[in-house]
Amino acid sequence: MTRTEIVAQCRALYEDLDFASVRAWVAAEPGRKAIGYLPVYAPREIIHACGCLPVGVHGGGDQLEIIRGDAYYQSYICHLPRSVVELGLSGRLDSLSGMLFPSTCDVIRNLSGVWQVLKSDLYVRYLDLPQGGDRAAMGAFWTEELRILHRDLARLAGVEVDAERLRASIALYNAVRTLVRALYAARRDRPERVPSEELYLLCRAGEVLPPEEFLVVGRAYLAAVEQDDVQARDNSRVVIVGAFCEQPPLGLIKTLERAGCYIVDDDFVLGNRILTRDVPTTGDPWVELAGALVNDAMKSSIFYEDDPTGKRRLVKERAEAARADGVIFAAPSFCDPALLDRPMLRAGADAAGVPSISFKYAENTGQFQQFREQAGTFSDAIKLWGGR
Amino acid sequence: MNCFLGIDLGSTTTKAVLLAEDGSILGRGITNSRSNYDLAAKVARTEAYVTARFGLLRAEVVRAAGEPVLTHLLLAFRTEQTLRQLERLGVHLLEDLERAIPADRRAAVREAVEHILARLAAEEEAWFADPAREARSDFFRDVAASGYMRIAEQVSEAGGPSFDTLVGLFDKCILKVENEPMELGFQEHIPAALRRIGSPEAVALGVERATNAALEERNGVGTGYGRARLPFPKEQIRSEILCHGLGAHAMFPGTRTVLDIGGQDTKAIQVDGSGIVVSFQMNDRCAAGCGRYLGYIADEMNIGLHELGPLAQSSNRPARINSTCTVFAGAELRERLGLGEKREDILAGLHRAVILRAMSLLARSGGVQDEFTFTGGVAKNQAAVKALVRLIDENYGQRKLNISPESIYTGALGAAIFALRDVRPDVH
Amino acid sequence: MLLQKEMIGAHFDRLERAPETGEKVVYTFVPGNLTELIRSFGALPLLPEINALQSGMRQKSRGYIAEAEKLGHSEDVCTYVKCDIGMAKTGNIGPTGTRLPKPDLLLLSYTGCYTFMKWFELLREEYDCPTVFLHVPYQGDGEITPEQREYMVRQLRDTVIPALEQVTGRRYDEDRFKEALRRSGRMEDDLVRVLQSAKRRPSPIDSYFGGVYYIGPIFSSFRGTPEGEEYYRTLREEVDERAALGWGPETPSGRLDRQKYRLVVEGPPNWTSFNDFWKMFSDEGACVVASTYTKVGGTYDLGFRHDAGDPLGTSADYCGGCYTNRNLPGRIDMLVDYVREYAADGFLINSVKSCNSFSAGQLLILREVEKRTGIPGGFIESDLVDPRYFSAANIKNRLESYLQMIDARKAGAAGEVHAK
């Protein structure tokens, strides 16, 4: 597959709000089941180990017309649950036999209840990710939650709970995470080679493709990128912070880069890399999977920050790791985690001398003029006054 | 005869409907709302009585003298009302300029105002005499303002006092005219109106009977945005939602779902077989998706509100508009126009977006049942109607759609029925 | 009510003097509060939401919110948080006019509201003091499992208690803790009796607006205290007496004996126009007979009582059972039961902009409760303490329309009338 073909395939998957590829996968063999999950983090290994296809449901983007979804949500709630309800009530998610709702915020938490009522024939589970500072207790709790989820999904799929299969799935997703990290590193090192639009589409494809296929596609893309000899532009390097749940429209990502900001790190589709290290494939796989989340997850607004200096340090650390010139706080309107975190993160950025700008978007934002202007001005200001 | 009054005190217009004891409509009146709510209600009520008395004499006059004479009489009546109000306007203008205009310029201003007033009166006479007269607004404010501005502009261009001076006077005085009690009723003006058309013998009896008919107002109910300020006891005040539901039911007895999109708010109402509201939803404080949103768009495009619909209907490829935020409406419009999108496509998209907001309120209130009645200013917009019909069709299946040309009276009609029902619960 | 005012006044005086007396101050939240445990260490609880709602009632919140927004807080987020931050930034003068002490410990013992986590992270930036965290699993499947309960107990034992020991310099005193829990159980009995008195006709209480005063002491700093116990005994006697006399509750429109509508209400009240809001109800003869807001600090009427026999386990059960920790189907069940048990004519949702924990999904709740009870629901939108989101005209219009709709339905048999 050429790079162009890969990107085209990923784009088709991204734009397909009917999840045709998932339908095809389910239909290919009798008894196959697909399980959806909402942002930010769900243990896909468990789903995969039950022979099911994990499917990321990241909203309806800017191409879905909301007809039914608005009837369930007041105007002061973010856009994501409207489009997810729209997808659900319009039959577009009918290929899914279950839905997992991680504890990203109260809106997604309560959406699990909406699903329990509207889709009472489906398997619906709220994933209460462990929070706090007592890592031993958190690990024990999350291990138990993983076991329950595994038991439930195995029953749904008609298979046995099998530790060996889970280890195999863990190994597979270790490879997926390694690949995603390599893709992010490739962009960080040579952003001109890896346009964020492409990386984003690739990551979104990884949310609906079987992991085995994603590995093939992603590795081919990475190989192609390394052959690319495009020249770097005199752009600024920025980290996007806050866009971890409701996703920005593709047009917004493109707009930022066209306005002169190379995105060198971001929060998009964060769940695919939130575990920062490989999960051991020996020992008790549930304990290991839980341990990786409890001890070695990326810092994110969805988790309680136990370290009193953590919030202040975070932006500086991320900017340094990405060798970025500045940070763009991009949060969905009415997003509690991102917007409540913003003053703390921004104070940390200011204290560390990391320049930043802030704006809000919705997944269906249709006009980018204001973002273009802000990002363009930001990039120019960094180049004029920044340390480069 | 006993009659029953319903008054709907809205944010822009105040409406009155008068019912007979059998539930039939005797008369309707409308006026622009103003700071003096009592007076707005009184003017609408008076108008309802005027049309009621014209209704009473209609059969007699038409039989005795023919339809054209009746029309002529009504016209004469309107002219008498207008002239009377112009007189009052004149009194206020001349009084006001004595106080407001410095002595050195006073004479010139007085002269200009007198000139304008004379021409306005002459124009009113000419309008009455002109068989090819153009239709005009029912509201004195509109009639007086358009004429006054036009003449004032000519006067100032010809070296008279400045346009701003003249308009400043007018703005103050039209408020006074609107907010002072004035007799505009049938009995006051019908004699002059009769004289104006030559007092034909054939209509005398009918007019006399209509003048003397005893219309006894047994009960009245008030509703609408400003209902709390109506001079009615609490038991005689009803929510506009209830009145709207009942009024829609009265106009179209098969109604089960009502959508009202007005300037400031949108309501989705479900009613039962008797017109009783069983569920409703209103928009929140955000004005997105209300008629006002289309108003902003029209302003932004510098075209009339009534031109929006036809323009939107000429689109073959409606744009997808995701936000109906009134605050961003202008910016979004400009950006899209800047990107080369066609005006009509954007407009078609905007109409669809407004209707989508209404669809969510409808869904919240319980969906769209058969029959479906659409009321409010936006119901007059064909592009909006088209978008609505299509979305209902796609999401609920085919529904019988009712739109009444008199839909502005829906709330007042419901209120009048409540007034009737409070006294005569037996009347069906 | 006088008793309550005295109690609260004394508490805030004590808080103001805490820096001199050396009493330790623990900030914590209403839902999942561990008042007995905190007080068993001789520390004083202080509740930021209560301060925020009081600021709202005293018309201070608008300025505080503006202050926080000036500092970069988004207009989209919870106004309790912004009100609290704004208050902290402008001198920290509390509800009774006294200066509030800084916290010695931030004790976050409830996660049924996501914003609480962020709130304490923000306060920690402000005060730079120790913070201790108790993760309370949500009732995603409608229950707390034994494993989840054990997880909470473990955190209490291994994290929360050691933190309190460290901050106060005292050892965990289980006997003292148990004694308070025993008093809590008795207070809870009395409170439930008061709340359930609304099943009578007329109801001697208003369970939403009036309910706010009834839950005040037990939801804030007084659960398990002798003065709290005294308060609820007195309250119960008073309500019993009113019930015997056939009296309705005192409201802004006077004593409401003639109760034209019995309502169930879901969602928190608005605080900036609390009395006007209440008056819109009482003027129409509407009495709230049951509300979910009076269960945010404990769902005692569903049977839970603090149990001195298992101090940590009972604390875990308490935290896990608070109203906003229940899933949507559970909340729907509660409302349906209230409508039936309290023989309500209607139920109404006051949806507040600030609180996604409450508000996200309320339109589904509305629909389901309507479906299951056959009674139409009403829907009002406002906010906790941001006066910009309280539109009196809009709310009055919706409320009146709703109540008149109930009337019309009652009289519905009157038959069809239409103009010809």
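**Close-up views of the predicted model**

**View 1. Contact of chain B with chain C.** Between chain B and chain C, six residue pairs are in polar contact, both residues having pLDDT 80 or more. A polar contact is a pair of N or O atoms within 3.5 Å; within protein, one must be able to donate a hydrogen and the other to accept it, and residues adjacent in sequence count only if both atoms are side-chain atoms. The model is predicted, with local features requiring pLDDT of at least 70 and side-chain atom pairs pLDDT 80 or more, whereas totals for chains, interfaces and linings use all residues; side-chain values use heavy atoms, with hydrogens and water left out. Residues are numbered from 1 along each chain as its sequence is written, and chains are lettered from A and ligands numbered from 1 in the order in which they are written.

On the side of chain B that touches chain C, the elements giving two or more residues are helix H8 (240-251), strand E7 (277-282), helix H12 (343-365) and helix H14 (410-423) of chain B. Helices (H or I, at least four residues) and strands (E, at least two) are DSSP runs, numbered from the N terminus. This side of chain B comprises 18 nonpolar, ten polar and nine charged residues. Here Ala, Val, Leu, Ile, Met, Phe, Trp, Tyr, Cys and Pro count as nonpolar, Asp, Glu, Lys and Arg as charged, and the others, Gly among them, as polar. In total, 37 residues of chain B are in contact (heavy atoms within 4.5 Å) with 28 residues of chain C. The area buried between chain B and chain C is about 2800 Å², 51% of it from carbon and sulfur atoms; buried area is the accessible area (1.4 Å probe) that two parts lose on being put together, summed over both.

**View 2. The salt bridge between chain B and chain C.** The rule finds one salt bridge across this interface, a salt bridge being a side-chain nitrogen of Lys or Arg within 4 Å of a carboxyl oxygen of Asp or Glu. Lys234(B) and Glu284(C) meet through their side chains at 2.9 Å, N to O.

**View 3. Contact of chain C with chain A.** Here 56 residues of chain C and 53 residues of chain A take part in the contact. The area buried between chain C and chain A is about 4600 Å², of which 56% comes from carbon and sulfur atoms. On the chain C side, Asp76(C), Tyr114(C) and Asn356(C) lose the most area to chain A, together 14% of what that side buries. The count between chain C and chain A is five salt bridges. Lys118(C) forms a salt bridge with Asp341(A), with the closest N and O atoms 3.0 Å apart.

**View 4. An open parallel sheet in chain C.** Four strands of chain C, in the order E2-E1-E3-E4, form an open sheet with parallel pairing; two strands pair if DSSP finds at least two bridges between them. Strand E2 (44-46) and strand E4 (131-133) of chain C stand at the edges with a single partner strand each, so one side of each has no neighbour in the sheet. On average, neighbouring strands of this sheet are turned by 30 degrees against each other, direction ignored. Tyr27(C) has Leu106(C) as its bridge partner in E3(C).

**View 5. A salt bridge within chain A.** Asp266(A) and Arg187(A) meet in a salt bridge through their side chains (2.7 Å, N to O).

Conventions: Axes are lines fitted to C-alpha atoms, for helices over the stretch in contact, and angles run from 0 to 180 degrees between N-to-C directions.
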